[in-house]
Amino acid sequence: MVVSSRAIRIGSRKSQLALVQTYWIQEQLQKHYPDRQFDVETMSTQGDKILDVALAKIGDKGLFTKELETAMLQNQVDFAVHSLKDLPTNLPDGLMLGCVTERVNPADALVVNEKHKDKQLDTLPEGSVIGTSSLRRLAQLRHHYPHLTFKDVRGNVNTRLSKLDAGEYDAIILAVAGLQRLDMSDRIHQVIPDDISLHAVGQGALGIECRTGDPEILDLLKALEHPETRDRCYAERAFLRELEGGCQVPIGVNTKIENNFLTLTGMVASLDGKTLIKDTIEGEQDQAEKLGQELAMRLRDAGATEILAAIFAEIQR
Ligand SMILES: NCc1[nH]cc(CCC(=O)O)c1CC(=O)O
């Protein structure tokens, strides 16, 4: 008698974007391991349920990951697929980042209301209302475009686009990656250049979280790992880990790898966009995390500690 191996259970949020990403991972794994069975189990997370409070004020880490993590620790699912940028840099005991997949374009995009279809960020009129719930996007855009107005926008990508089309905003900022994965690239009006706005840590990559004590799963997942993306994201995550202090903060990055050399640019900004500290570090690719930590310390010495303390005090009020 043949003893069949166990089916692998993949955990996912229920949003359309999360499902597209999870089914893509399922398909890739199925191609690598045609004899194994991969099932998808969906669940709602806190982040999907609390829609009326600004993200920055909720403050809790792992808003989009906690329910999935509990399911993994209780052995109800074997791993969870996340947008890497939504995965906290410190994971609960017993869980780890088991795989980072190849990154798509990590930049942000400007999406405009129909009435501004002939405009770019540079030409939007004074007082235009820009929707974003990310402090990183807010601070950097305020820094470069102080004449624009910013307003929080929550909900999944589809909800945000509906609010834009209904005229609640003149434009909104969304990740290029999310729009591409949802097959809505036609909504990308302008890809925001990185000298205007650095992207979020891990943006554009998928991160797979799994149990530390499960070598069988870890081994399966390694088939989907993209080493260059992994090292870039390890550097970015080490940078963020060294800087964050229990709340969402305006931190942006950019990375590249050439000839085994990794270049990491990082920035921390005040909420009003008036102070913006930015620096770049370069070193061996296999020292990714060390480079991230070192750049974070440089920015702290250059004033990032004060900026972060002020933001923390502001958000606590
Ligand atoms: N904050 C929500 C979120 N998490 C991941 C993405 C898509 C981009 C990605 O996969 O990095 C988005 C939407 C957005 O920022 O526009």
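Guide: This is a predicted model, in which local features need pLDDT of at least 70 and side-chain atom pairs count only at pLDDT 80 or more, while totals for chains, interfaces and linings use all residues. Residues are numbered from 1 along each chain as its sequence is written.

Visitor: How far apart do the C-alpha centres of domain 1 and domain 3 lie?

Guide: The chain is divided into domain 1 (1-102 + 205-225), domain 2 (108-191) and domain 3 (227-317), with bounds that come from an automatic or database domain assignment. Between the C-alpha centres of domain 1 and domain 3 the distance is 25 Å.

Visitor: Between which domains does the shell around the ligand lie?

Guide: A residue counts as near a molecule if its C-beta atom, placed from the backbone, lies within 6 Å of it, and the residues around the ligand include Ser83, Lys85, Val157 and Gly178. Because both domains give residues to this shell, it lies between domain 1 and domain 2.

Visitor: Which helix and strand each supply at least two residues of that shell?

Guide: Helices (H or I, at least four residues) and strands (E, at least two) are DSSP runs, numbered from the N terminus. By that numbering, the two elements are α7 (176-181) and β8 (171-175).

Visitor: In the open sheet of 3 strands, which strands stand at the edges?

Guide: Two strands pair if DSSP finds at least two bridges between them, and here the order is β11-β12-β13, with antiparallel pairing. Each edge strand has a single partner strand, so one side of it is left without a neighbour in the sheet, and these edge strands are β11 (251-258) and β13.

Visitor: Which residue in β13 is the bridge partner of Met267?

Guide: Strand β12 (residues 261-269) is joined to strand β13 (residues 276-284) by 9 bridges, and Leu264 stands opposite Ile281. The bridge partner of Met267 is Lys278.

Visitor: At about what angle does helix α10 run to β13?

Guide: Axes are lines fitted to C-alpha atoms, for helices over the stretch in contact, and angles run from 0 to 180 degrees between N-to-C directions; two residues are in contact if their C-beta atoms, placed from the backbone, lie within 7 Å. Helix α10 (residues 288-316) lies across β12 and β13, and its angle to β13 is about 165°.
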